[in-house]
Amino acid sequence: MASQSQGIQQLLQAEKRAAEKVADARKRKARRLKQATRRQVQGMQSSQQRNREHVLAQLLGMVCDVRPQVHPNYRVAA
């Protein structure tokens with residue numbers, strides 16, 4: 001009976017160690033996922049900043065480059 005109790009204790013300890021390993025693995029996975037997400041967000045933000053500056057420069061160039069011309073449908077009344 002004592003050996004059976006001892007075997008049960010060993011199984012419980014092994015189960016506890018396995019549960020701890022699984023919990024640690026989940027924590028590491030969550031940490032890696034957060035780091036990857038953070039890196040991806042930073043990359044997107046820097047890309048957005050570069051594109052924003054480019055688009056603003058283009059927009060300002062278009063707005064400031066005014067070329068007055070007569071509309072093609074305009075007819076001179078004589």
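Arg-32 counts as exposed, because its relative accessibility is 52% (exposed means over 50% relative accessible area, buried under 20%, and partly exposed in between, with a 1.4 Å probe and protein chains only). The model is predicted, so that local features need pLDDT of at least 70 and side-chain atom pairs count only at pLDDT 80 or more, while totals for chains, interfaces and linings use all residues. Residues are numbered from 1 along each chain as its sequence is written, and side-chain values use heavy atoms, with hydrogens and water left out.

Arg-32 is found in helix H1, and together with Arg-26, Lys-27, Arg-28, Lys-29 and Arg-31 it forms a positive surface patch. Patches are made of residues with over 30% relative accessible area and no salt bridge, where like charges are joined within 9 Å and nonpolar side chains (Val, Leu, Ile, Met, Phe, Trp, Tyr) within 5 Å.

## Overall form

The protein has one helix and zero strands (DSSP runs of H or I with at least four residues, or of E with at least two). The radius of gyration, taken over C-alpha atoms, is 34 Å, well over the 12 Å that the globule rule gives for 78 residues, so the protein is more spread out than a compact globule; that rule is 2.2 Å times the number of residues to the power 0.38.

Along the principal axes, the C-alpha atoms fill a box of roughly 120 × 25 × 5 Å, and buried residues make up 0% of the 78 residues. Carbon and sulfur atoms account for 56% of the accessible surface of about 8100 Å², an area that comes from the Shrake-Rupley method with a 1.4 Å probe.

## Along helix H1

Ala-23 also lies in helix H1 and counts as partly exposed, at 34% relative accessibility. The C-alpha atoms of Ala-23 and Leu-33 are separated by 15 Å, although these residues are 10 apart along the chain.

Helix H1 covers residues 2-64 and includes Val-63, which is exposed with a relative accessible area of 53%. On the surface, Val-63 forms a nonpolar patch with Leu-56 and Leu-59, and the three have about 260 Å² of accessible area together.

## Charges and the salt bridge

The protein carries 16 positive and 5 negative side chains, and the centres of the two sets lie 2 Å apart. One salt bridge is found in the whole structure (a side-chain nitrogen of Lys or Arg within 4 Å of a carboxyl oxygen of Asp or Glu). The side chains of Arg-67 and Asp-65 meet in a salt bridge, at 3.2 Å from N to O; Arg-67 counts as exposed at 63% relative accessibility, whereas Asp-65 is partly exposed at 42%.

Methods:
Lys, Arg positive; Asp, Glu negative; His and termini not counted. Charge placed at Lys NZ, Arg CZ, Asp CG, Glu CD.
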